[in-house]
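User: Hi! I am new to reading protein models and would like to go through one step by step. Could you show it to me and take my questions?

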Amino acid sequence: MSPDQLFAIFALLLGMCIGSFLNVVAIRIPAGGSIVSPPSACPACGSAIRWHDNIPVLGYLLLGAKCRSCGGRISWRYPACEAATGLLFLGIALKTGFSAAFVPDAILVSLLMVTVRTDLEHWIVLDEISLGGTVAGLLISLVPGGLEPLGSLGASAGAFLLFLLIRQASLLALRRKPGYVVPPEGCEDDGEGFTGGMGWGDIKLAACIGAFLGPASTIVALFLAFGSGAVTGLVLMAFGRSRRVPIPFGPFMAAGAMAAVFAGEALFRAYADARWP
Ligand SMILES: [Zn+2]
């Protein structure tokens, strides 16, 4: 077995363990809890989870999706997050081989996994993830061998400004509507007084994605995010959902950025080299 193959297996197992930790982050930070203590407990009965029941994916399967103490159902989201993170880490390892290039991609994918969960479940993108991620991405670009610092900073600032522009433009359009009342600052993101505009969480997440991916892959990531978001919106409307019911945009940004991690450069080159009629 080659070192790269050995590393790929290690990455899969590491990803499943990190996915387990990301579950804790996605559940506890929005609830205002600590991510280090107390140890994992059943949300229904509060009994501590034994180490062998806490093994990623396997623990869930062996328990039959039920708590050992109270028999309460365990959400499929836990093993799904663990399995998805494991497979993403495996994919990154197969792309980068045993090299330092694995690290930034693995960090970005981890930040995005938390975002998918918190945005779908609570309509929030955590500042710890988006702002912390932006700083992390900019700092990592200072390490030679990967993305250039200027590319990281440029893509981060560019994505931030683009999203800010979209927000201001949509707010401007909304204010022209008769009967529109300007919501207090910060209220447009909570799902209650949602205005349909771009939330601050998405704007900060765009800066984070830019810092990690650099210009070419960020363009691909945002293109895929807007494309998949628009298609999903149209499909939901075709199935009778009101266009006034908003859908969180974070998961689409996460999906676009994850795709760009694997194929961003290739897609950008294919687009740039294509001969348009
Ligand atoms: Zn229980």
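Analyst: Here are some questions and answers about this model, from the whole protein down to single residues. This is a predicted model, in which local features need pLDDT of at least 70 and side-chain atom pairs count only at pLDDT 80 or more, while totals for chains, interfaces and linings use all residues. Residues are numbered from 1 along each chain as its sequence is written, and side-chain values use heavy atoms, with hydrogens and water left out.

User: How many helices does the protein have?

Analyst: Helices (H or I, at least four residues) and strands (E, at least two) are DSSP runs, numbered from the N terminus. Along the sequence the pattern reads α-α-α-α-α-α-α-α. With 0 strands, the protein has 8 helices.

User: What is the radius of gyration of the protein?

Analyst: This radius is taken over C-alpha atoms, and the globule rule is 2.2 Å times the number of residues to the power 0.38. For 277 residues the rule gives 19 Å, and the protein is close to that, so it is as compact as a globular protein of that length; its radius of gyration is 20 Å.

User: Which share of the residues is buried?

Analyst: Buried means under 20% relative accessible area, exposed means over 50%, and partly exposed is in between (1.4 Å probe, protein chains only). Of the 277 residues in the protein, the buried share is 39%.

User: How far apart are the C-alpha centres of domain 1 and domain 2?

Analyst: Domain 1 covers 1-99 and domain 2 covers 100-277, with bounds that come from an automatic or database domain assignment. The C-alpha centres of the two domains are separated by 25 Å. Their contact takes 24 residues from domain 1 and 19 residues from domain 2. To come back to the distance between the centres, it is 25 Å.

User: Is alanine 65 buried or exposed?

Analyst: Alanine 65 sits in the loop between helix H2 (58-63) and helix H3 (77-96). Its phi is near 65°, a positive value in a residue other than glycine. Because its relative accessibility is 6%, alanine 65 counts as buried.

User: Where is tryptophan 123?

Analyst: Tryptophan 123 has a phi near 60°, again a positive value in a residue other than glycine. At 25% relative accessibility, tryptophan 123 counts as partly exposed. Its place is in the loop between H4 and helix H5 (127-140).

User: Which residues is valine 116 in contact with, leaving aside its neighbours within four places in sequence?

Analyst: Valine 116 belongs to helix H4 (residues 102-122) and is partly exposed, at 24% relative accessibility. Its C-alpha atom is 9.7 Å from that of cysteine 81, 35 residues apart along the chain. Beyond neighbours within four places in sequence, the contacts of valine 116 are Pro251 and Ala254.

User: Which residues is serine 40 in contact with, again leaving aside neighbours within four places in sequence?

Analyst: Serine 40 lies in the loop between helix H1 (3-28) and H2, and its relative accessible area of 23% makes it partly exposed. The C-alpha atoms of serine 40 and asparagine 54, 14 residues apart along the chain, are 8.3 Å apart. Setting aside neighbours within four places in sequence, serine 40 is in contact with Arg28, Ala48, Ile49 and Asn54.

Notes. Contact = heavy atoms within 4.5 Å.
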